[in-house]
Amino acid sequence: MSETNARTTNLLRGAMAIGAVGVVAAYFQTGLERFWANWLLWFVLFFTVGLGSLFIVALEHLVGAKWSVPIRRIPERVATLLIPTVPIGLIALGALRVLYPGTRPEALQNKVLAGKAFWLGIPFFSARAIVCFALSLLALSIFVGGSLKQDKTRDPAFNVRARKFAPAFMALFALVITLVAFDWVSGLTPEWYSDIFGVYLFAGAFLAGLAATTLAVVGLQAQGRLDGVRGDHRYNLGGFMFAFTVFWSYIGFAQYMLMWYANLPDEVIYFKARLDGSWHVVTLVLAVTHFVLPFIALVSQGSKGEPQRLRRVATLMLGAHVLDIYWLIFPVLGRTPLFSWPEVSFALFFLGLGLLWVRGAMEKGEDMPVGDPFLAEGLEFRL
Amino acid sequence: MSEKTFAVLGLFESPDALMHAIPKVRDQKLGRLEAYTPYPIHGIDEALGFRRSPLGGMVMIMGVVGAVTALAFQYWISAIDYPIVTGGKPPYSWEAFVPIMFEVTVLFATFTAGLGMLLLLNRLPFFGHPVLTSRAIQGITRDRYALSIEADGMALDAAAARAALAAAGAADVEVLAEPDAVPFLTSDYVMRALGGIFAACVVAGLLMYAAIKVIPVMPPMVHMHEQPRLNPQAPSTFFRDGHGMQQPVAGTVSRGHLPIGAASQEEAALLANPLPRTAEVFAMGRKAFTNRCAVCHGALGTGVGSMTAAYGAKPANLQAQRFRDYADGQIYWVISMGKNAMPSHAADLTETQRWAVVHYVRTLQRAQNAGDQDMNAAGAR
């Protein structure tokens, strides 16, 4: 490891330490609601980035894509973020009593919530969360663990096994990401529901996974690694990001427009909270950073494979994903968007943790799945 | 076949030979280069020096034009030409425009991409491409790789092109002549195409007419006519009494016809005149009085009108002390309900007009019985 790398690692450790102090202070100073909202934000971010990356890996196995074999190790490594996500998520169960109206005793007085009491209650909620964690780790061990093992064994049987598991994974993934969306995010406002909400979070998760993967690919290439990965591979990543930026906007706007048109009080209240006062500004910034800017940046043919452009767009995309989850969670805290030292501390701590984890993963083992029989074919890929 | 050369075709045995030949021939700038191969060869576009297709830019521009067109059109309809409030939304609601904008953007963009590629950039339709009838075509579709130098607007030096290709290592060289005039968009072709479209329209129209009217296998849209509904003068099984038309709900008040609010003339004395005493109200009262009342009561209300002799009854002298002592509401009652031989004027005068007449009658009474205080009031003005 070079000297700059070591310095960056120390920098990240320092950020994490400062952040940790802030996180502990926030627990005692800012009130439990704000503390848990922050914790939830970073838990959902870690979970969506990890699941989104795992989805990219599974998608390759499902459709038998060859072009992505040389870069498959990158989303595999990002997906290992699911491992620290599990303890973070188990701690996040502490937010249930504080942030989720469905778990409070008053909920039984509310006709709508009383009908959902079993579903929203702490025992079943926790059970679902634990099942989701277990399924995610299972899929991680099958896809990523198997792929790492194949580096040594060079056994093509793994490809057959992964391809057989991929369709089942897709069904499980749909279940898990929908439960994450409905339980952890939409559960904050249990009287409001939207059928498309799971797909909305999926679009964000896939984009976040793609952005993390693209950023890592471009970064590793700048270090002279990933020899053989060319503009054609990057072009596909850029194309995916471009397409799913539009997909995210399509889902997000469709959800908004139908509720805006119907104007039913129990539905439209969700957007009323997000279009009032300062939240209106946050909503506009989200639309610009999550759709307008990436769309313009990636629309031309040349820009989709250009490393510098991709690095900027992927960074913007990840930032927009943070803003997206913030936009989903924080309006339950009040009419003004909260952003101060607790949010900064949480960001320092979790960004440091996530980056250290992913950087550590990037240094371990081979950069490409050298045991995969389709690696050579993937390197031959041309548009 | 004309004498002009369309292209000179050089046939190569392997893709490598073709790729090596391209830069040698390209440097001589004899004409437009084109390659014909059985499968796509990576990097051949760059080697042939094709400039990047302008299609992307065309699609972008037309997509933006589509979005702006859809926005402008909907804005004009919904906010300017025919503003209708739908679902309680303001006439200009951009949210409602987005789906149409999206669709029109896609429509414009895809049509530009498809038609632009086929018609503008690929110069189709092009019937009878010379390469299809060349000797080389059998090899090109199997295991041979052709490089052709094609006339690009100007005349092609066939001898130089033949020499260049041979020098570049072509196994076989073939000269292709320009095809005869392309049989497309000649007047004959256009007339036949238009005639065919016209005939198809006539046949479709006649079939449609027959299906609707002659042999009604496909009735026209009759949902409006056949909908379940209540007819006012027809029996109906919907209501218990078997009538289609029902009595209004008890206590219903028709528009502009409020009940008087008093059961007798004495009770009506309590009603107050709701109208202010303004010049407009007096003018309204005078007009109504002249049209409806003066004919019997006379222009001054003295009971001597032009109809008095013919009518037979004796109209009231409104200047009499008895009527000057009436309350406003009592005069209103008489106008509305009638009295003795006087009929009701409720059907002829609106409530506002009746109250205005009351004001005017008061004015007539005061004018005919003016005292000193009235003179002073007039003098003080």
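**Figure 1. Overall fold of chain A.** Helices (H or I, at least four residues) and strands (E, at least two) are DSSP runs, numbered from the N terminus. By that assignment chain A has 16 helices and zero strands. This is a predicted model in which local features need pLDDT of at least 70 and side-chain atom pairs count only at pLDDT 80 or more, whereas totals for chains, interfaces and linings use all residues. Residues are numbered from 1 along each chain as its sequence is written, and chains are lettered from A in the order in which they are written. Along the principal axes, the C-alpha atoms of chain A fill a box of roughly 65 × 45 × 40 Å.

**Figure 2. Packing of helix α2 against helix α14 in chain A.** The axes of α2 (residues 32-63) and α14 (residues 307-329) of chain A come within 10 Å and cross at roughly 135°, the axes being lines fitted to C-alpha atoms over the stretch in contact, with angles running from 0 to 180 degrees between N-to-C directions. A37(A), L40(A), L41(A), V44(A) and L45(A) of α2(A) meet V322(A), I325(A), Y326(A) and I329(A) of α14(A), where contact requires C-beta atoms, placed from the backbone, to lie within 7 Å.

**Figure 3. Domains of chain B.** An automatic or database domain assignment divides chain B into domain 1 (5-177), domain 2 (185-219) and domain 3 (265-373). The C-alpha centres of domain 2 of chain B and domain 3 of chain B lie 75 Å apart.

**Figure 4. Contact between chains A and B.** Seven residues from chain A and six residues from chain B take part in the contact.

Conventions:
Contact = placed C-beta atoms within 7 Å.
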